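Try each task before you read its solution.

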Amino acid sequence: MEEAEEEEVLGSKLTMEKVAAAKQFIENHYRAQMKNIQERKERRWVLERKLASSDVPMEEQINLIKDLERKETEFMRLKRHKICVDDFELLTIIGRGAFGEVRLCREKKSGNIYAMKKLKKSEMVKRGQVEHVRAERNLLAEVASHCIVKLYYSFQDTEYLYLIMEYLPGGDMMTLLMREDTLTENVARFYIAQSVLAIESIHKHNYIHRDIKPDNLLLDKNGHMKLSDFGLCKPLDCSTLYAIHEHKTIDDENMAEPMDIDGCFPDTDNKSSWKSPHEQLQHWQMNRRKLAFSTVGTPDYIAPEVLLKKGYGMECDWLVSVLHFNSYRFLEF
């Protein structure tokens, strides 16, 4: 009897979760639809105002408005089209990782060449990397910059996640450094400036990369550099940052002791500073949204802030980028 009641309670919870997810999906769908309609009206209104204040003949104004309507219709048609892996011709593999592979692909309709990042869902779930992949996809979709790799499509099937990104045929900075050994001062300045712009573009959106290294700085066909591989990136709430105690360290994933809101451990001599375990957990979770604590990255390129386990922010990207330009002899001192 008790087992039947427990199953009924579990079934009810699962049903309620499904109902809540369906409700959220429907609300998001119609919110997006209303936003698209409003943006479409605004674009037409802006065009009509520009035409009204110009000397464009009436017949040409009508043609321009019709052209806008045609583009809007084409845009809506493209949005309704569901992209899948069958829309691409798979070519050679250009890289492998822990969760999948990266290969060249050709879009069958346009003939354009892209880089397809294919990630196995089961492996990501098993290794707890779902949030990292979601952060990578969100960053690529959110940040519009000429200094980072561009994301064109993202979709999934029952087994894999797919990210269709621009293909950069120029190789990476590590290959360039190995080939050239030492760059001239002008070339070094050029790539230093581009790396600064790339890092700044993601920091403006409150993301940290956490894996800056020459292998992740790619070159396009014209020799311009773009930042790639955002698998370890993390979004931070940088509106306010609480101070972290300079002499206390925090375990990588779990705390041995409760941490107060300012990052310090409670003072045993001050009874008023103690909070309930639930409050302490809430404070810890709040701080984790504002600072990163995990020890991640490539061993040869980890910033000291990451290894100290005191909590770190965007400074970890800047320090590592500076070390790259020195230790890999961008300039001959």
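**Exercise 1.** Find how many salt bridges the whole structure holds, then examine the one between Arg44 and Glu69.

*Solution.* Start with the total: a search of the whole structure gives 17 salt bridges. A salt bridge is a side-chain nitrogen of Lys or Arg within 4 Å of a carboxyl oxygen of Asp or Glu. This is a predicted model: local features need pLDDT of at least 70, side-chain atom pairs count only at pLDDT 80 or more, and totals for chains, interfaces and linings use all residues. Residues are numbered from 1 along each chain as its sequence is written, and side-chain values use heavy atoms, leaving out hydrogens and water.

Next, take the pair. The closest N and O atoms of Arg44 and Glu69 are 2.4 Å apart. Arg44 lies in helix α1 and Glu69 in helix α2 (residues 58–80), so the pair ties together parts 25 residues apart in sequence. Helices (H or I, at least four residues) and strands (E, at least two) are DSSP runs, numbered from the N terminus.

**Exercise 2.** Decide whether Glu166 and Lys226 are buried or exposed, and describe how their side chains meet.

*Solution.* First, the contact: the side chains of Glu166 and Lys226 form a salt bridge (3.0 Å, N to O). Second, the location: Glu166 is in strand β5 and Lys226 in strand β8, so this bridge links parts 60 residues apart in sequence. Third, the cover: both Glu166 and Lys226 are buried. Buried means under 20% relative accessible area, exposed over 50%, partly exposed in between (1.4 Å probe, protein chains only).
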